[in-house]
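Thanks for asking me to look over this one. Here is the structure, and below it are my notes, point by point.

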Amino acid sequence: MYRTYQMARIIQVASLIHAEPRKWTRPRLAERFEVNKATIQRDINLLCEMGIRIVPRGKQGYEMISDFFLPALNLDFKEALALITAANFYQAAESKQTGEVMNQAISKIAAVLPKQARNILNQITPQIEVPHLQMSETDETHPHKEHLYQAIRQRRSVAIEYNSFSSEQTVRHRLSPYAVLFRRHAWYVIGRSETFNRVLTFRINRIDSLSITQLGYEIPADFSVQRYLDKSWDVMLGSDTRVVIFFAKRIAPLIREVNWHPTQRIQETAKGILRFEVTVAGWREIGWWVLQWGHEAKVMRPKALQRWVARTAQAMVEVYQEN
């Protein structure tokens with residue numbers, strides 16, 4: 001009987017700390033369950049041994065640093081379908097090792113639905129085609145992404161050695177990671193380089209070494225990944241640059257039907273040529289995008305981008321002339 005009561009109490013202790021973090025101190029818990037403080041400490045220790053990490057916050061009480069408890073889900077059919085579709089896309093971008101975990105997550109999402117809705121979902125889900133996203137083997141096997149997740153959860157800075165593609169040098173940073181995201185076939189981490197005193201973006205598979213430090217940090221309350229990346233064409237950032245491109249009439253519909261960037265402005269001339277204008281943070285990434293349209297795209301400004309595209313196109317011609 002005592003064992004049953006003990007387990008019930010331990011579960012209630014965990015539930016209280018999870019529901020009201022930094023409220024329940026050891027004396028308050030002892031008073032709540034009419035036991036001594038040593039008994040509460042043994043309960044806390046047992047929970048920690050079970051993998052439910054509970055840490056004291058001084059006079060503020062205990063806090064659970066764990067995802068052991070998850071809130072109950074009350075999803076309707078459209079919400080569940082949207083989550084499963086998103087999970088399928090994420091699974092295509094993830095490494096092979098996490099495929100089984102993602103399948104379990106998808107099954108749990110489906111399990112919360114009523115039987116009739118679940119049957120319909122089971123008919124629809126196989127028809128959701130998600131292309132496999134090309135990733136390097138380095139991305140699939142690299143441990144640094146999980147270490148970055150851990151650092152973000154614990155709010156601990158990391159020390160990294162970064163193999164910079166642009167400078168062709170290995171640079172050391174003390175990084176306070178803010179977010180991890182997948183863009184264009186690779187994983188990136190956004191964070192504040194305390195070494196350079198500004199927020200930067202790092203491609204994770206170019207991190208040669210990473211160690212979690214004991215130095216804490218806070219993510220600014222006004223930081224938003226979306227706002228941070230809004231001015232970039234894709235991932236990388238630089239100085240704000242107004243870019244104007246003319247697109248030939250033949251491919252104008254392809255340009256017009258896509259929202260390429262939040263700042264884009266499109267105008268059609270009398271001859272059907274499309275004037276495309278955006279303001280981006282740095283022009284190098286949009287330069288590679290322009291090249292994919294070949295001779296049917298012409299950069300009008302800035303002149304630096306215009307010259308770069310011309311030189312790159314000329315170098316491509318020279319490569320083929322060698323043969």
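**Notes on the predicted model**

1. The buried residues of helix 11 pack against strand 8, helix 10, strand 10, strand 11 and helix 12. Those buried residues are Ile286, Gly287, Trp289, Val290 and Leu291. Buried here means under 20% relative accessible area, exposed means over 50%, and partly exposed lies in between, with a 1.4 Å probe and protein chains only. Contact means heavy atoms within 4.5 Å. Helices (H or I, at least four residues) and strands (E, at least two) are DSSP runs numbered from the N terminus.

2. A word on the ground rules. This is a predicted model, in which local features need pLDDT of at least 70 and side-chain atom pairs count only at pLDDT 80 or more, while totals for chains, interfaces and linings use all residues. Residues are numbered from 1 along each chain as its sequence is written, and side-chain values use heavy atoms, with hydrogens and water left out.

3. For the overall picture, the protein has 12 helices and 11 strands. Of its 323 residues, 37% are buried. Among contacts with a separation of 6 or more, 60% are between residues 24 or more positions apart.

4. Which residues have the most contacts inside the largest nonpolar core? They are Ile245, Phe247, Phe276, Ile286, Trp289 and Leu305, in a core of 22 residues. Two or more core residues come from each of strand 8 (240-247), helix 10 (252-256), strand 10 (274-281), helix 11 (284-291), strand 11 (297-301) and helix 12 (303-321). A nonpolar core is a set of buried Ala, Val, Leu, Ile, Met, Phe, Trp, Tyr and Cys residues joined through side-chain atoms within 4.5 Å. In soluble globular proteins, nonpolar side chains tend to be buried together.

5. Leaving out residues up to four places away in sequence, Phe276 touches Trp233, Val243, Val244, Ile245, Phe247, Ile255, Trp260, Gln264, Arg265, Ile266 and Trp289. There is also a second, separate core of 17 residues, which includes Ala151, Val158, Tyr162 and Val180.

6. Back to helix 11 and its partner. Helix 11 and helix 12 pack at an angle of about 45°, with their axes 10 Å apart. Axes are lines fitted to C-alpha atoms, for helices over the stretch in contact, and angles run from 0 to 180 degrees between N-to-C directions. The two helices, helix 11 and helix 12, are therefore oblique to each other; angles under 35 degrees count as roughly parallel, over 145 as roughly antiparallel, 65 to 115 as roughly perpendicular and the rest as oblique. From helix 11, Arg284, Ile286, Gly287, Trp288, Val290 and Leu291 meet Leu305, Trp308, Val309 and Thr312 in helix 12. The residues of this contact divide into 7 nonpolar, 2 polar and 1 charged, where Ala, Val, Leu, Ile, Met, Phe, Trp, Tyr, Cys and Pro count as nonpolar, Asp, Glu, Lys and Arg as charged, and the others, Gly among them, as polar.

7. Leaving out residues up to four places away in sequence, Glu285 touches Trp233, Asp234, Val235 and Met236. Its C-alpha atom is 8.4 Å from that of Ser232, 53 residues apart along the chain.

8. The peptide bond from Arg301 to Pro302 is cis, with omega near 5°.

9. Helix 2 and helix 3 pack at an angle of about 105°, with their axes 8 Å apart. Helix 2 and helix 3 are therefore roughly perpendicular to each other. Arg26, Pro27, Leu29, Ala30 and Phe33 of helix 2 make the contact with Lys37, Ile40 and Gln41 of helix 3. Glu34 sits in the loop between helix 2 and helix 3 (37-49), and has a positive phi, near 60°, in a residue other than glycine. With 73% relative accessibility, Glu34 counts as exposed.

10. Finally, Ile160 is found in strand 3 (residues 156-164) and is buried, at 2% relative accessible area. Its contacts beyond four places in sequence are Val171, Arg172, His173, Leu175, Phe202, Ile207, Ser209 and Leu210.
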